[in-house]
Amino acid sequence: MSNFDLILLLTLVVLVGTLLAVIGVTVFHHFWTRRRIQQRAALAEEIRPQLMTLLLEDEPDLSLFETEQGLRSRMIDDLAEALIGKLRGADRERLVHLLDRRGALERARLQLSSRRAPVRARAVQLLGSTGAPGALPFLASSLHDPNRTVREVATRSIGRLADPAATGPLLALLATEDRPVPEHLVRMALFRLGRPAIPELIGELGHRSPAVRRCAADVLGHLGAMEAIRPLADLAQSHEDHEAAVIAVAAIDRIDGPATADTLRRLAVESSIPEARDLAAAGVARRSPPRADGGANNGASDDVVDSVGSELAVGNG
Amino acid sequence: MNRQVAVIVDDDPDIRAMVAMKLTSAGYTVHEEVDGEAGLAAVRQLDPTVVILDWMMPRMNGLEVLQHIRNDESTRDIPVLLLTARAQDDAIERGFAAGADDYVVKPFSPRELLTRIDALRLRGERRAVVADTSTP
């Protein structure tokens, strides 16, 4: 056997050995992952009914869940958090209380300063979904996290708190040039804050940033804020920001209040911005009774409102 | 007293389990299905006391199931409660227009759901008594 043959043989042996090792590791990883998934599924099946009995008993023994360790402990937190998102009222509060007693909320607060972005995102998610008391300052600071995913999770989570104090930190995201979070997420979060946020949003209609003014006007329209019709009408007369004026008219059009038709009628005549005037006129026409000649009023705007409303309101499946 | 039968049709296992546990503890016999087609078949087969129906489901959505229930002579009077994440006013209108007897938005309270289901059942029983007494 020549040296060349020997080298060839050795190379072949190394290649085959490497290939076998790769196959072995892949097969092992596949079965290990599958086994782990099966273990988690079996554990979830075991723990889920136990958690649900909490919702049935008048005075459940929460201490049963306090001494758990390892995977089982994490599974309890995961399942409780998943259930919290589907519940409201006393049952939801009971699960939040359980997580608090288990120390999960305190752990989440500490994990917000973790070096690992997935850990921070997970913590933000938990604090938001539980609506943990005092969570707002933590979530507000996560709106400026260096990681984009964490910022987006924080934006979604902060909306779930339904705390009007979140309005300012959310709108501030739109006031900067770099736009750390997509605008539609901010709008959706503001919409989820709901009617308690209306006074804050009205206050932001005069913000120096055009993006903030426009977003506040749009959300007020989607919230159907009747008390915002007058300040929106003022914005609709704004000569400095035509886009905000048009958004303000569209917002008034969405608000189904006693002053809506009169305000639109006035804007259709008085507004110096042609697009705003046209939009107001279309709103007036749609609110007019059907014409005697059988001509139908245009309902296209309603379809737009419905589709945007669906987009904003869709949140939890 | 006859045992009350409830059919739950929802593709979310957590929701099914929560509703089932609550209803079972209140004395209902609960039958669970994960999609619209199977749910409709169960309603036709079991003639339940009440149906709890999700809207967005695979194979046949809740509104279609509801329309089939209302169009079928044998199932048209069964009380149906829609349990759905669709919270917009137009969705609620569509649900009632399709024949829902009640509408509960997710996230929901299992206690409130049980109260509403009991109310539906009692209303159905009263209607049945009135129908019996008015029959010559």
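Modeller: Start with A:K86. Beyond its neighbours within four places in sequence, A:K86 is in contact with B:D14, B:I15, B:K106 and B:P107. Contact here means that the C-beta atoms of two residues, placed from the backbone, lie within 7 Å. This is a predicted model: local features need pLDDT of at least 70 and side-chain atom pairs count only at pLDDT 80 or more, while totals for chains, interfaces and linings use all residues. Residues are numbered from 1 along each chain as its sequence is written, and chains are lettered from A and ligands numbered from 1 in the order in which they are written.

Where does A:K86 sit? The loop between α2 (70-84) and α3 (90-101) of chain A holds A:K86. Helices (H or I, at least four residues) and strands (E, at least two) are DSSP runs, numbered from the N terminus.

Now widen the view to both chains. In total, 19 residues of chain A are in contact with 18 residues of chain B. On chain A's side, α1 (3-53), α2, α3 and α16 (300-313) each give two or more residues. α16(A) gives the most, with 4 residues.

Next, chain A itself. Its secondary structure comes to 16 helices and 0 strands. Of its 317 residues, 33% count as buried. The largest nonpolar core has 107 residues, and A:L232 is one of those with the most contacts inside it. Such a core is a set of buried Ala, Val, Leu, Ile, Met, Phe, Trp, Tyr and Cys residues joined through C-beta atoms within 7 Å. Helix α13 (residues 242-254) of chain A gives the most to this core, with 9 residues. Leaving out residues up to four places away in sequence, A:L232 touches A:A217, A:L220, A:A248, A:A251 and A:I252.

Chain B brings a sheet. Its 5 strands form an open, parallel sheet in the order β2-β1-β3-β4-β5. β2 (28-33) and β5 (102-105) of chain B stand at the edges with a single partner strand each, so one side of each has no neighbour in the sheet. Two strands pair if DSSP finds at least two bridges between them. β1(B) and β2(B) pair over 6 bridges, and B:Q4 has B:Y28 as its bridge partner in β2(B).

Look at strand β3 (residues 50-53) of chain B. β3(B) pairs with β1 (residues 4-9) of chain B over 4 bridges, and 3 bridges join β3(B) to β4 (residues 80-84) of chain B. B:V50 is the bridge partner of B:A6, while B:V51 stands opposite B:V80 in β4(B). B:V50 and B:I52 point one way, B:V51 and B:L53 the other, and all are buried. In a regular strand, side chains alternate between the two faces of the sheet.

Helix α3 (residues 62-71) of chain B makes a right-handed β-α-β unit with β3(B) and β4(B). Right-handed means that, with the strands pointing away from the viewer, the path from the first strand over the helix to the second runs clockwise.

Technical notes
Buried ≥ 20, exposed ≤ 12 C-beta atoms within 10 Å, placed from the backbone.
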